[in-house]
Amino acid sequence: MAVRAQYEGSNDVGVFATLTNSYCLTAVDGSENFYSVFESELGEVIPIVHTSIAGTRIVGRLTAGNRHGLLVPSTSTDQELQHLRNSLPDSVKVQRVEERLSALGNVIACNDYVALVHPDLDKETEEIIMDTLQVEVFRQTIADNVLVGSYCALSNTGGIVHPHTSVQDQDELSSLLQIPLVAGTVNRGSDVIGAGMVVNDWVSVCGMDTTSTELAVVEEIFKLHDSHQAGAGFMEMRDSLMEGFM
């Protein structure tokens with residue numbers, strides 16, 4: 001299921017939220033509408049944690065994580081760290097990272113098995129990513145952009161990358177990640193995909209400006225089709241075909 005949301009009038013959902021298969025982080029002080037979208041889609045399945053990171057609301061750009069762990073920058077406060085550890089499942093390891101490139105969400109893109117990272121990331125950070133998130137790590141660019149976390153969105157079933165990513169690069173990234181990829185946009189043509197949407201294995205939340213065509217691409221590549229809707233659509237199509245034969 002792919003849905004639309006806005007945070008305080010901003011379509012950059014991925015700036016104010018982090019979504020994985022075992023938890024969701026959302027920024028504090030947002031409107032009830034923003035939270036209700038996440039609550040209705042995720043509330044009974046995984047914990048939704050309202051938090052700040054380093055005293056800011058841009059939690060999606062400062063953190064990176066998957067179902068195994070969560071990485072936060074060294075500027076995170078002790079209170080924030082304690083709040084996260086108290087709120088997240090015990091199986092999720094929360095780790096503070098001493099890294100010059102501290103907007104971790106911009107420089108790390110990952111699912112539960114593989115991470116793409118900024119080419120200049122510290123060696124120590126790479127080891128922490130491998131250990132905390134339990135992933136293979138590859139230093140990569142996407143369409144010659146080093147901010148891999150900003151220009152793609154990944155789940156365990158698929159991924160969307162910057163629209164200018166060449167077919168050759170898509171094939172290379174796809175073989176590293178072992179998932180199908182598509183070049184696309186969100187929010188009516190925005191190429192900053194990581195900032196414009198969040199996704200896990202069963203739901204995606206995109207910015208309010210995302211067109212129905214973009215939303216259809218998201219549902220297709222991440223295999224998010226609601227089985228009930230798909231079934232109803234199939235029955236409708238079958239009925240109209242049958243009428244044609246009569």
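Here is a short chat about a predicted model, taken one feature at a time.

Residues are numbered from 1 along each chain as its sequence is written. Because the model is predicted, local features need pLDDT of at least 70 and side-chain atom pairs count only at pLDDT 80 or more, while totals for chains, interfaces and linings use all residues; side-chain values use heavy atoms, with hydrogens and water left out.

Reader: In what order do the three strands of the open sheet with mixed pairing run?

Author: Strands here are DSSP runs of E with at least two residues, helices are runs of H or I with at least four, and both are numbered from the N terminus. Two strands pair if DSSP finds at least two bridges between them. With mixed pairing, the three strands of this open sheet come in the order S1-S15-S14.

Reader: Which strands stand at the edges of that sheet?

Author: Look for a strand with a single partner, so that one side is left without a neighbour in the sheet.

Reader: What is the bridge partner of Val198 in S15?

Author: S14 and S15 (residues 204-207) run antiparallel and are joined by three bridges. Within S15, the partner of Val198 is Val205.

Reader: Which strands does helix H9 touch, packing on the sheet?

Author: Contact means heavy atoms within 4.5 Å. Angles run from 0 to 180 degrees between N-to-C directions, with axes fitted to C-alpha atoms, for helices over the stretch in contact. The direction of H9 (residues 212-221) makes about 135° with that of S1.

Reader: Why do the buried residues of H7 line one face of the helix?

Author: Buried means under 20% relative accessible area, exposed over 50% and partly exposed in between, with a 1.4 Å probe and protein chains only. In H7 (residues 167-177), the buried ones are Gln170, Leu173, Ser174 and Leu177. Seen down the axis, using directions from the helix axis to the C-beta atoms, they line one face because they fall within an arc of 105°.

Reader: And which residues are exposed on the other side of H7?

Author: The buried residues of H7 pack against strands S9 (114-117), S11 (152-154), S12 (159-161) and S13 (181-183). On the other side, the exposed residues are Gln168 and Asp171.

Reader: What volume does the largest cavity have?

Author: On a 1 Å grid over the protein atoms alone, a cavity is a set of points where a 1.4 Å probe fits but cannot get out. Grid points are joined across faces, edges and corners, and the volume is the space filled by probe spheres set on the points. The count comes to one cavity of 30 Å³ or more, and the volume is about 390 Å³.

Reader: Which residues lining the largest cavity are closest to its centre?

Author: Lining residues have an atom within 4 Å of a point. Elements giving two or more residues to the lining include S2 (17-19), S11 and S14. Of the 31 lining residues, the closest to the centre are Leu19, Gly65, Cys110, Leu154 and Val199.

Reader: Which residue stands opposite Leu19 in S3?

Author: A hairpin through four residues joins S2 to S3, and the two strands run antiparallel over three bridges. Both faces of S3 (residues 24-27) are covered, with Cys24 and Thr26 buried on one side and Leu25 and Ala27 buried on the other. Opposite Leu19 stands Cys24.

Definitions and conventions. 1 Å grid on protein atoms, 1.4 Å probe; cavity = no way out; pocket = protein on both sides within 12 Å on 5 of 7 lines; lining within 4 Å.
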